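Student: I'd like to learn how to read a model like this one. Can we walk through it together?

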Amino acid sequence: MIFHGTHDRVVPFEISEEFVRKMKKKKNVCELMVYEGQGHGFFNFNVSFDLYQGTLNALDDFLVTQAFIEHDPDMQVDLM
(Lines give C-alpha, C1' and ligand atoms only; values in the text may rest on other atoms or scores of the structure.)
Protein backbone atom coordinates (compact mmCIF):
# COMPACT_ATOMS: atom_id res chain seq x y z
CA MET A 1 0.00 0.00 0.00
CA ILE A 2 1.48 3.26 -1.17
CA PHE A 3 -0.03 6.64 -0.35
CA HIS A 4 1.23 9.27 -2.76
CA GLY A 5 0.24 12.83 -3.51
CA THR A 6 0.29 13.99 -7.11
CA HIS A 7 2.12 17.21 -6.14
CA ASP A 8 4.93 15.50 -4.23
CA ARG A 9 8.13 17.42 -5.01
CA VAL A 10 10.40 15.03 -3.06
CA VAL A 11 9.43 11.74 -4.74
CA PRO A 12 7.92 12.14 -8.21
CA PHE A 13 4.47 10.58 -8.46
CA GLU A 14 5.51 8.64 -11.57
CA ILE A 15 8.05 6.69 -9.48
CA SER A 16 5.25 5.18 -7.40
CA GLU A 17 3.20 4.40 -10.49
CA GLU A 18 6.18 2.60 -12.05
CA PHE A 19 6.91 0.71 -8.82
CA VAL A 20 3.30 -0.52 -8.59
CA ARG A 21 3.35 -1.66 -12.23
CA LYS A 22 6.56 -3.64 -11.62
CA MET A 23 5.23 -5.18 -8.41
CA LYS A 24 2.02 -6.29 -10.11
CA LYS A 25 3.95 -7.66 -13.08
CA LYS A 26 5.75 -9.92 -10.61
CA LYS A 27 2.34 -10.96 -9.18
CA ASN A 28 2.80 -9.06 -5.93
CA VAL A 29 -0.08 -7.31 -4.24
CA CYS A 30 0.55 -3.59 -4.33
CA GLU A 31 -1.98 -0.77 -4.22
CA LEU A 32 -1.42 2.89 -4.94
CA MET A 33 -3.71 5.34 -3.19
CA VAL A 34 -3.60 8.56 -5.18
CA TYR A 35 -4.17 11.87 -3.41
CA GLU A 36 -4.76 14.61 -5.98
CA GLY A 37 -3.00 17.86 -5.24
CA GLN A 38 -1.21 16.61 -2.11
CA GLY A 39 2.51 17.01 -1.49
CA HIS A 40 5.08 14.93 0.36
CA GLY A 41 4.09 13.87 3.88
CA PHE A 42 0.47 14.96 3.46
CA PHE A 43 -0.76 12.12 5.69
CA ASN A 44 1.18 13.13 8.80
CA PHE A 45 -1.14 13.95 11.71
CA ASN A 46 0.36 17.41 12.16
CA VAL A 47 -0.21 18.27 8.47
CA SER A 48 -3.80 17.08 8.04
CA PHE A 49 -5.48 15.10 10.76
CA ASP A 50 -8.34 14.13 8.42
CA LEU A 51 -5.94 12.68 5.83
CA TYR A 52 -3.99 10.99 8.63
CA GLN A 53 -7.15 9.26 9.84
CA GLY A 54 -8.17 8.33 6.30
CA THR A 55 -4.83 6.74 5.48
CA LEU A 56 -4.86 4.78 8.76
CA ASN A 57 -8.32 3.44 7.94
CA ALA A 58 -7.31 2.56 4.37
CA LEU A 59 -4.16 0.82 5.56
CA ASP A 60 -6.10 -1.12 8.18
CA ASP A 61 -8.60 -2.26 5.54
CA PHE A 62 -5.77 -3.28 3.21
CA LEU A 63 -4.05 -5.32 5.93
CA VAL A 64 -7.34 -7.07 6.71
CA THR A 65 -7.86 -7.99 3.03
CA GLN A 66 -4.34 -9.43 2.95
CA ALA A 67 -5.02 -11.43 6.15
CA PHE A 68 -2.19 -9.75 8.05
CA ILE A 69 -4.61 -8.64 10.74
CA GLU A 70 -8.19 -9.42 11.71
CA HIS A 71 -10.93 -6.85 11.36
CA ASP A 72 -11.61 -5.06 14.63
CA PRO A 73 -14.34 -2.41 14.36
CA ASP A 74 -13.22 -0.89 17.68
CA MET A 75 -9.83 -0.07 16.16
CA GLN A 76 -11.25 1.91 13.24
CA VAL A 77 -10.34 5.58 13.55
CA ASP A 78 -13.41 7.82 13.47
CA LEU A 79 -13.30 10.54 10.86
CA MET A 80 -14.41 13.94 12.09
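Student: What percentage of the residues in the protein chain is buried?

Tutor: Buried means under 20% relative accessible area, exposed over 50%, and partly exposed in between, with a 1.4 Å probe and protein chains only. Here, buried residues make up 22% of the 80 residues in the protein chain. Keep in mind that this is a predicted model, where local features need pLDDT of at least 70, side-chain atom pairs count only at pLDDT 80 or more, and totals for chains, interfaces and linings use all residues. Residues are numbered from 1 along each chain as its sequence is written, and side-chain values use heavy atoms, with hydrogens and water left out.

Student: Which secondary structure pattern does the protein chain follow?

Tutor: Helices (H or I, at least four residues) and strands (E, at least two) are DSSP runs, numbered from the N terminus. In this protein chain there are 2 helices and 2 strands, and along the sequence they read β-α-β-α. The C-alpha trace spans about 35 × 30 × 15 Å along its principal axes.

Student: How many of the contacts join residues 24 or more positions apart?

Tutor: A contact means heavy atoms within 4.5 Å. Taking the contacts with a separation of 6 or more, 54% are between residues 24 or more positions apart.

Student: Okay, now the rings. How many aromatic pairs does the structure hold?

Tutor: A pair of aromatic rings is described by the distance of the centres and the angle of the planes. Rings of Phe, Tyr and Trp (its six-membered ring) pair if their centres lie within 6.5 Å; planes under 30 degrees apart count as stacked, over 60 as edge-to-face and the rest as tilted. The structure holds 6 aromatic pairs. One of them is Tyr35 with Phe42: the centres are 4.6 Å apart and the planes sit at 40 degrees, so the pair is tilted.

Student: Are Tyr35 and Phe42 buried or exposed?

Tutor: Tyr35 counts as buried because its relative accessibility is 14%, and Phe42 counts as buried at 3%. Ring pairs also link Phe3, Tyr35, Phe42 and Phe43 into a cluster.

Student: And why do the rings of Phe49 and Tyr52 count as tilted?

Tutor: Their planes are at 35 degrees, with the centres 5.5 Å apart, so the pair is tilted. Phe49 and Tyr52 are 3 residues apart in helix H2 (residues 49-65), so about one helical turn separates them. Phe49 is partly exposed at 36% relative accessibility, and Tyr52 is partly exposed at 27%.
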